[in-house]
Amino acid sequence: MTQIERRQFWTAIHRYSGLAMLVFLAIAATTGCLLCFEKPLDAWLNPELFRPSSPALVEPLAAVERLERNHPDLVATYFPVNATAGRNLTVAVEAAPGKPALGYDQVFLDRATGALAGTRKTGPGWDRSHLMQGVYQFHFTLLAGDWGRWLMGLIALTWLISNLVGIYLTWPLKRPYLRNWKRTWTFKWSSPLPRLLLDLHRSSGLWLILPLTVLAFTSVAMNFFGEALIPAVKLLSPARPSPFDGPALANPVARTVDYRQVLTQGAALGRRNHLGWAPATLQYEPDRGLVGLRFSSGGIENYRALGPVTYWFDGRDGRFVNEDNPYSDSAGFKLMRSLYPLHTGEMIGAVGIALDLVLGVVTLGMCVTGVYLWLKRRRPRVSARKARRKRAAAAREAKAGVVSVDAGRTA
């Protein structure tokens, strides 16, 4: 295969793989841009749930303790230790052991008074209360469960390969290679539209190839997390043993240890370990009988670097059970914990989230320019194929005519 033939082969791969994933990639890019503003948009859509009655501040733990006293049919399973400015307290809840199921699993407590501001059942939907969760699930699974997740994983894998093929296709055929390649990194707004869109398609992909490749790789890894990544990590670089490795308890364990005790005990342990972070959230896992205290920089949960560190305690006697710390665990565990911060850009804070937004816009732009270039070049390709067919047909007719003349002479 000659160099020209190889280039034509990989061009066809790039073109048709791009067309195959076009709609799905556009969906992922659009929803991904919206998810960069997930929390602000959710609060804006549901002010009755998120907006406090006044700037006053109640201690979150005291508000949750009062919630559980006033509602013995529920238990709080996740809530912040420190209040966020301008927002009510969001508390995950579930039915207490032996109690009937609740009609909701999320409670909002007024940041100023601790009073109940509202409830909702989490899950995807297209009403304003569930819209952002719907956008998230649509981004991840197309709202189609596991097969939708697998499909989006295959799309991400195709995207990853297509990115690498795209780099190869921009490499010039003639010397001087670097000088000629440099031209593909630039574009001029004054260029004719077809040339401008081609240059934008190439140059945007080249300038952002590293973060785009990271975005594609993390998409593949998260969509096939249980099927491929976890088995690979267990084989190559297993994490430290965890109480979450085994099966869940057949019967959920009622929490008897006080949240305040866990907060005090965990904060003291963090200081002894020179953790340097403040407690951010408390979490209860009934099917494991564990209470977790999560630490983050600033005391507000975030996913900078590899995300938070969690200390787990026995929910019955408060005994320390396990430290979930990606910074001191295996390389495989670090990889698993880096996927979400890398994919969302939260690994480097607001700058990373802004870059993630740019990547979403650029990906959507590459979808649009790719379609335009395909349509623009499709007509000449179709015309060339028709011309080749006509020439082949004419050649066959001419050959048939020669054969008939020879047959007549012979006769």
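A: Buried means under 20% relative accessible area, exposed over 50%, and partly exposed in between, with a 1.4 Å probe and protein chains only. Strands (E, at least two residues) and helices (H or I, at least four) are DSSP runs numbered from the N terminus. The model is predicted: local features need pLDDT of at least 70, side-chain atom pairs count only at pLDDT 80 or more, and totals for chains, interfaces and linings use all residues. Residues are numbered from 1 along each chain as its sequence is written, and side-chain values use heavy atoms, leaving out hydrogens and water.

Q: Which way do V309, Y311 and F313 point from β7, and which way do T310, W312 and D314?

A: V309, Y311 and F313 point one way, T310, W312 and D314 the other, and all are buried. Because six of the six residues of β7 (residues 309-314) are buried, the strand is largely enclosed by the rest of the structure.

Q: Which strands are joined to β7 by bridges?

A: Two strands pair if DSSP finds at least two bridges between them. Strand β6 (residues 290-296) runs antiparallel to β7, with six bridges joining them; R294 has T310 as its bridge partner in β7. Four bridges join β7 to β8 (residues 320-324), also antiparallel, and F313 is partnered by F320. β7 and β8 form a hairpin with five residues between them, where G318 in the turn has a positive phi of about 75°.

Q: How many disulfides does the structure hold?

A: A disulfide is a pair of cysteine sulfur atoms within 2.5 Å. The structure holds zero. The sulfur of C33 is 6.0 Å from its closest cysteine sulfur, in C36, which is too far for a bond. C33 counts as buried because its relative accessibility is 14%, and C36 counts as buried at 17%.
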